[in-house]
Amino acid sequence: MPALPSVDELLRAPELAALWEALGPAWARAVIREALEARRRDWRQGGGGTAEPIAAELRARGAARLAWSLRPVINATGTILHTNLGRAPLSAEAAARVAELAVGYSNLEFDLATGRRGRRDVHAEALACELTGAERTLVVNNNAAAVLLVVNTLAAAETPGEAPGEVLVSRGELVEIGGSFRIPEVLARGGARLVEVGATNRTRIGDYRRAITPATRLILRVHRSNFEMRGFIEQPALAELCALGAETGIPVAEDLGSGCLLDLSSAGLPREPLVGESLAAGVAVVTYSGDKLLGGPQAGLLSGRREILGRLRANPLFRALRVDRLTYAALEATLRAYARQRYAEIPALRMIFAGDLETRARRWAAALDAAQDGFWRAEVVAAESVVGGGSTPGQSLATFAVALAPEEWTADQLEARLRAATPPVIARIHAGRVLLDPRTVAEEQEPALLAVLAELAHAASGGH
Ligand SMILES: *Cc1c(COP(=O)(O)O)cnc(C)c1O
């Protein structure tokens, strides 16, 4: 076995000084130990030793250590609220508020007028109430947490030994949202007893009425989200359900999923129910996500009647589900954009209403043709984007995409190379070609995207 340098020799090597500085002493020693151990193992297993200079190997291992785990990617899939890619991008103002509030102290729970302790709720409450017509609004970690809080507060047994309260849900709304959020399981975990009402395709108001017992605590309406029913279907209007609730003294809660505050039908999407419409119909509390159609940070919002929201706020679970100042900062900025009707500042809304997609796709294709001389065999094609995140299922938005089909690679190979790039570019494959949809690529990201493609084409043609 050839002699290997010692750890101390490597730590003193002047050509590696910058690497050790970047890594810090603990990571530097770990990287050296790993490299030396790998060489010894290789030797013992008869690998004959690697010809790679140890300094090059240390640099590669060091770079791998220094790489961030959570990184920005370019979403060229055309799916706007891509749950795996972090759902809604924040507005520039929301991001700036987060950055400003992250590094210092704030009046999160401090009343600047009186100098006394305040409540964190105030930072989003007034705006959310103004935009939805609610009397109060609470914010928790996500909409799943919001539903859990509603069920647990309004229906769980309050003393040990007491039977769990009953929650009425239509059989047509016992959905799984994804990531194992299943309504029956959330109800069970929330400490309630599910009472199924009606049939999968048809539930009438009389079915709810007949299901009510002295143990009924809540009627829950659930947006089917990423699941659609067609044909011989029926469900009572929300107002009808609320009238039954008012008559029997049972609150009606609605899990809306997407927190739609703005009518999106002018973008060619089906009309999503608005938070304010549910409240106007008489729903006691509506739960919705902050990072779906609302276009803000991950959060769950609960908007509704004062008395019900007071009970939700008093549940000790609220403390476990609440959000930090960064979420309030981003949410306040997002809600302010709605209040000031500056919808185009919210990236998710801007992407939904984008009108320049063909122009942008043609610009990309022309840039690729000019710079890489037909390598990509780029073609602008009519395609479909989707909102995603369980919003507007089965509906798409017409878009234009750049289809790539270089001779060098199959679509799968190209998709993988794009994914491995810096920054990673996430694309989709359609009919044997890789599609890049400008709808979900911010204009500021265009140079980086085109640079990734130039780099790949360069490497493929043997250039360095
Ligand atoms: C998305 C969704 C949820 C879960 O919301 P998160 O914010 O992802 O926790 C719950 N219910 C419905 C109807 C949804 O669409």
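1. In the ligand site, an N or O atom in the side chain of D255 lies 2.6 Å from a nitrogen atom of the ligand. The model is a predicted one, and the distances and angles in this note should be read accordingly.

2. Two further pairs involve oxygen atoms of the ligand. A polar side-chain atom of S289 is placed 2.6 Å from a ligand oxygen, and a backbone N or O atom of A144 is found 2.9 Å from an oxygen atom of the ligand. The protein buries 93% of the 380 Å² that the ligand exposes when taken alone.

3. Which elements give two or more residues to the shell around the ligand? They are α6, residues 143-155, and β8, residues 252-258. The residues around the ligand include N143 and A144, together with D255 and G257. Also among them are R87, N142, I177, F181, H223, S225, S289 and K292. By class, the shell divides into 3 nonpolar, 6 polar and 3 charged residues.

4. R87 is not a glycine, yet its phi is positive, at about 55 degrees. Most residues other than glycine have a negative phi. R87 sits in the loop between β1 (74-75) and α4 (92-102).

5. A separate topic is the open sheet of 4 strands, arranged in the order β11-β12-β15-β14 with antiparallel pairing. Why is one side of β11 and of β14 left without a neighbour in the sheet? Both β11 (379-385) and β14 (428-430) stand at the edges and each has a single partner strand, so one side of each has no neighbour there. From one strand to the next, the twist averages 50 degrees.

6. The pairing of β11 with β12 can be described in detail. Strand β12 spans residues 397-404 and is joined to β11 by 7 bridges, the two running antiparallel. Within this pairing, A382 stands opposite F400 in β12. Helix α16 (residues 411-419) packs on the sheet and touches β12, β14 and β15 (433-436). The direction of α16 makes about 40 degrees with that of β15.

7. Most peptide bonds are trans. P423 belongs to the loop between α16 and β13 (425-426); α16 is also the helix that packs on the sheet.

Key:
Residues are numbered from 1 along each chain as its sequence is written. This is a predicted model: local features need pLDDT of at least 70, side-chain atom pairs count only at pLDDT 80 or more; totals for chains, interfaces and linings use all residues. Side-chain values use heavy atoms; hydrogens and water are left out. A residue is near a molecule or strand if one of its heavy atoms lies within 4 Å of it. A polar contact is a pair of N or O atoms within 3.5 Å; within protein, one must be able to donate a hydrogen and the other to accept it, and residues adjacent in sequence count only if both atoms are side-chain atoms. Accessible areas come from the Shrake-Rupley method with a 1.4 Å probe; for residues, only the protein chains shown count as cover. Ala, Val, Leu, Ile, Met, Phe, Trp, Tyr, Cys and Pro count as nonpolar, Asp, Glu, Lys and Arg as charged, and the others, Gly among them, as polar. Two strands pair if DSSP finds at least two bridges between them. Axes are lines fitted to C-alpha atoms, for helices over the stretch in contact, and angles run from 0 to 180 degrees between N-to-C directions. Contact means heavy atoms within 4.5 Å.
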